[in-house]
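Keep the 3D view open and click along as you read.

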Amino acid sequence: MIRTSTPPEAPATGAWEELVTTALLGTDRRTPPGGAPGRTAPVALLDAAAVQTVRRRAGLRPAPAARRPEPAPEDPRPPLPAAAARRLAVLLADRPGAAGGRRGTAPDLMELLPQWLAAANAHGYAPPPEALPALLDAARGRTDLRPPALAFGGPRALWLAGLNPDWRFALRAAPGAGAAQSGSEDADRVRELWEEGLFAERVALLASIRAHTPAAARELLADSWATERAEDRLMFLDSLRTGLGPDDEAFLEQALSDRSRNVRSTAAELLSALPGSALAARMAARARSCVAVDHTRGTPTLVVEAPHECDSAMERDGIAPKAPAGRGERSWWLGQLVEAAPLGTWPGRLGGRTPREIVALPVADGWQGELHAAWCRAAVRQRDARWARALLGPPSAPEAGGPGAVSLAERAKLLGTLDAAERADWVAGFIAAHGLPEAFQLLGVCAVPWAAPLGRAVVDALNIARDAGSYPWSFSGVMGLAERCLDPAEASRLDGLLAVPDEAEDASPGAGGYWAEAFQRLVTTLRLRSAMAGELEAARAV
C-alpha cells in the first residue's frame with residue numbers, strides 16, 4: 001500500500017537496484033537513496049519502493065524530461081470479451097513458485113497462459129491496453145511465451161516496449177518487429193535497417209521478409225554476404241530454412257566455399273534437403289558406393305564399405321573430417337554421407353525394395369546401428385513419412401521402437417514427420433504396449449489437444465499405475481502434460497478416479513492421497529480450460 005507521506009525523491013538511474021540492495025543490507029547499514037539515517041529510514045525505503053513500483057508498472061523508467069512519445073498506434077482487432085479479459089488478468093497475476101511447489105489441487109495458471117494466448121490469437125482479439133505491461137513482463141521471463149505474447153500484444157505492445165529498456169527484447173524477438181518499427185513497406189527504409197540496424201533487428205527483418213517473399217530475402221542477404229562476419233553469416237543462412245526451395249540452390253552452392261566451416265556445413269545441410277540439388281546427387285553417388293546387397297549369404301544382407309578417406313571434395317560438400325572423441329573416422333564419414341543422400345537413392349540401389357523391406361534386411365559386420373541412425377536423420381531432414389514409418393516400426397514391437405529407431409529422441413523426431421492423427425495413434429499404441437515411463441518425450445510431439453485414442457491411452461496408463469501402487473511422483477511430468485494437452489471433454493471420464501484408493505502393503509507411503517490429489521488437479525484444470533475456451537467464444541455466440 002502507498003503511504004500518504006511525501007516520499008523521498010527517487011534517483012533516476014539504477015533506482016530499483018539501489019532500493020533492493022538497501023533492503024537486503026538493512027537500513028541500519030545503508031541509508032535509503034534520497035533519505036536520512038535514523039528511525040524513519042525503513043519508512044522512507046518503503047515509500048521509495050512504492051513510488052518506484054508504480055513507475056515500473058506504468059511502463060516508464062524514471063528519467064530526465066524528454067520529448068513526449070508519439071501516441072500509441074491503433075489496434076484494429078476486436079477487443080477481448082469481458083470475461084476473457086478478466087481471465088487474462090488472473091493468468092498474468094500468477095507467478096511461478098509463489099506457492100512453494102505444485103502439490104495441491106489448484107491449476108498451474110502460468111502453464112495455461114501459452115494455450116490461452118494461442119486461442120486468443122486464433123480468434124484475432126486485441127488485448128486490453130492495461131494488460132500490456134504484465135503481458136510484456138511475462139514474456140520477458142519466459143522465452144517460450146514471446147512469439148504468442150507479442151502476436152497478441154500487437155502494435156501497441158511494440159510501441160510500449162520501445163519506452164522501457166526491460167522490454168526491448170520485444171523489438172528483437174517479434175518476427176518482423178524491426179521492420180514494423182521502421183516502415184518495412186518502404187524499400188529504402190528496409191535497406192537502411194538492413195545496413196545499419198542491430199544484429200538482432202537484422203535477423204528479425206530477414207526472417208520477416210523470408211516468410212513472405214523468399215526471393216527478396218535471399219537477394220538482400222546476397223548483396224551483403226561478402227562483408228558479413230562469419231558468425232552473422234551462419235545465423236542469416238539459417239533463416240533460409242523457411243521457404244527453402246530450388247531457387248536457393250545457386251546461393252547455397254556458393255556458400256559451400258565459405259571461409260567458415262560452420263557456414264559450409266549449414267549450406268550443405270540445406271542443400272541436402274533439396275533432393276534435386278547437385279550436392280544431393282554427389283552425396284547419392286558416394287553413398288551408393290558404400291552400401292550394397294550381398295546375395296551370397298543365404299539371405300539377402302546389406303554390406304557396408306565405409307569411406308577410407310575424407311577428401312577435399314567431401315569437405316567442401318559439408319562432410320566434417322574430424323570424428324568426435326570415441327567415434328571411428330570411417331563410421332563418422334559414412335553416417336554423414338548416408339544422412340545427406342536423398343532417400344530416393346536406396347530403392348533403386350537395393351533391388352527395388354520398399355523402405356520397410358530395406359530396413360528389415362540384416363546388416364553385416366555390426367553396421368546396422370550406424371546405417372539406420374543415418375537413415376533416421378535423413379528421414380527427418382527430408383520430411384519423408386514413408387521412411388519414418390519403416391524406421392519406427394509398429395509401436396507394439398518388443399524392442400519398443402522399431403528396428404531403425406536408436407533412441408527416444410530419434411523416435412520423437414521421426415514422429416514429427418507424420419501427420420497429427422497418425423502420430424497420435426502411434427504414441428497411443430506405444431503407451432498401451434510399453435506404459436508411460438518411456439513415453440514422455442513422445443507425448444511432447446503430439447498435437448494439442450490430444451486425439452481421443454491418445455487421451456484414453458494416457459488416462460488408462462495412469463490409472464493402471466495408480467492401482468499398481470507405483471511411486472506417484474515419477475509420473476508428475478506426464479500428469480503435467482495431461483493437464484495442458486488432454487481434451488477437456490475427457491474430464492467426465494475422470495470422476496471415478498478422484499477418490500483416495502486403498503493402498504496395498506507394498507505401495508509407496510502416501511501414494512493413494514497423491515494420486516487422488518493429482519487427478520483432482522487434472523479434472524479442475526480441464527474444466528478451467530473448457531471455461532477459458534467458452535469465454536473466448538462468447539463474442540461469436542452473441
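Start by finding Arg330 and Glu305, whose side chains meet in a salt bridge, 3.1 Å from N to O. (A salt bridge here is a side-chain nitrogen of Lys or Arg within 4 Å of a carboxyl oxygen of Asp or Glu.) Arg330 sits in helix H17 (residues 329-340), while Glu305 is in the loop between strand E2 (301-304) and helix H16 (312-316), so the pair ties together parts that are 25 residues apart in sequence. Helices (H or I, at least four residues) and strands (E, at least two) are DSSP runs, numbered from the N terminus. Arg330 is partly exposed, at 31% relative accessibility, and Glu305 is partly exposed too, at 43%. Buried, by the way, means under 20% relative accessible area, exposed means over 50%, and partly exposed is in between (1.4 Å probe, protein chains only).

A quick word on what you're looking at: this is a predicted model, where local features need pLDDT of at least 70 and side-chain atom pairs count only at pLDDT 80 or more, while totals for chains, interfaces and linings use all residues. Residues are numbered from 1 along each chain as its sequence is written, and side-chain values use heavy atoms, with hydrogens and water left out.

Back to the charges. Glu339 forms a salt bridge with Arg377, with the closest N and O atoms 2.9 Å apart. Glu339 belongs to helix H17 and Arg377 to helix H20, so this pair ties together parts that are 38 residues apart in sequence. Is Glu339 buried or exposed? Glu339 is buried, with a relative accessible area of 16%, whereas Arg377 is partly exposed at 26%. Salt bridges that share partners also join Glu253, Arg282, Arg286, Arg316 and Asp317 into one network. The structure holds 31 salt bridges, and one of them pairs Asp232 with Arg229, at 3.1 Å between the closest N and O atoms.

Now have a look at helix H20 itself (residues 368-381). Its 14 residues reach 20 Å from the first C-alpha to the last, close to the 20 Å expected at 1.5 Å a residue. (The expected span is 1.5 Å times one less than the number of residues.) Among the buried residues of H20 are Glu370, His372 and Trp375. After H20 comes Arg383, whose phi is positive, near 55 degrees.

Trp375 is a handy way into the core. Of the 104 residues in the largest nonpolar core, Trp346, Trp375, Ile431, Leu443, Trp450 and Leu454 touch the most other members. Helix H27 (residues 511-541) gives the most to this core, with eight residues. A second, separate core of 34 residues includes Ala131, Leu132, Leu160 and Leu536. A nonpolar core, in this account, is a set of buried Ala, Val, Leu, Ile, Met, Phe, Trp, Tyr and Cys residues joined through side-chain atoms within 4.5 Å. In soluble globular proteins, nonpolar side chains tend to be buried together.

Next stop: Trp116, in helix H4 (residues 109-123). Trp116 counts as buried because its relative accessibility is 1%. What is Trp116 in contact with, leaving aside its neighbours within four places in sequence? The list is Leu80, Ala84, Arg87, Leu88, Leu91, Phe152, Met532 and Leu536, where contact means heavy atoms within 4.5 Å.

One of those partners, Phe152, brings us to the aromatic rings. Rings of Phe, Tyr and Trp (its six-membered ring) pair if their centres lie within 6.5 Å; planes under 30 degrees apart count as stacked, over 60 as edge-to-face and the rest as tilted. By this rule the model has ten aromatic pairs. Trp116 and Phe152 have ring centres 5.4 Å apart and planes at 85 degrees, so they are edge-to-face. This pair links distant parts of the chain, with Trp116 in helix H4 and Phe152 in helix H6 (residues 146-161), 36 residues apart. Trp426 and Phe430 have ring centres 5.6 Å apart and planes at 20 degrees, so they are stacked. Both lie in helix H23 (residues 420-434), four residues apart, or about one turn of the helix.

To finish, here's where charge and ring come together. The charged end of Arg202 sits over the ring of Trp194, 4.1 Å from its centre. (That takes NZ of Lys or CZ of Arg within 6 Å of the ring centre and within 35 degrees of the ring normal.) Arg233 lies over the face of Trp225, at 5.9 Å from the ring centre.
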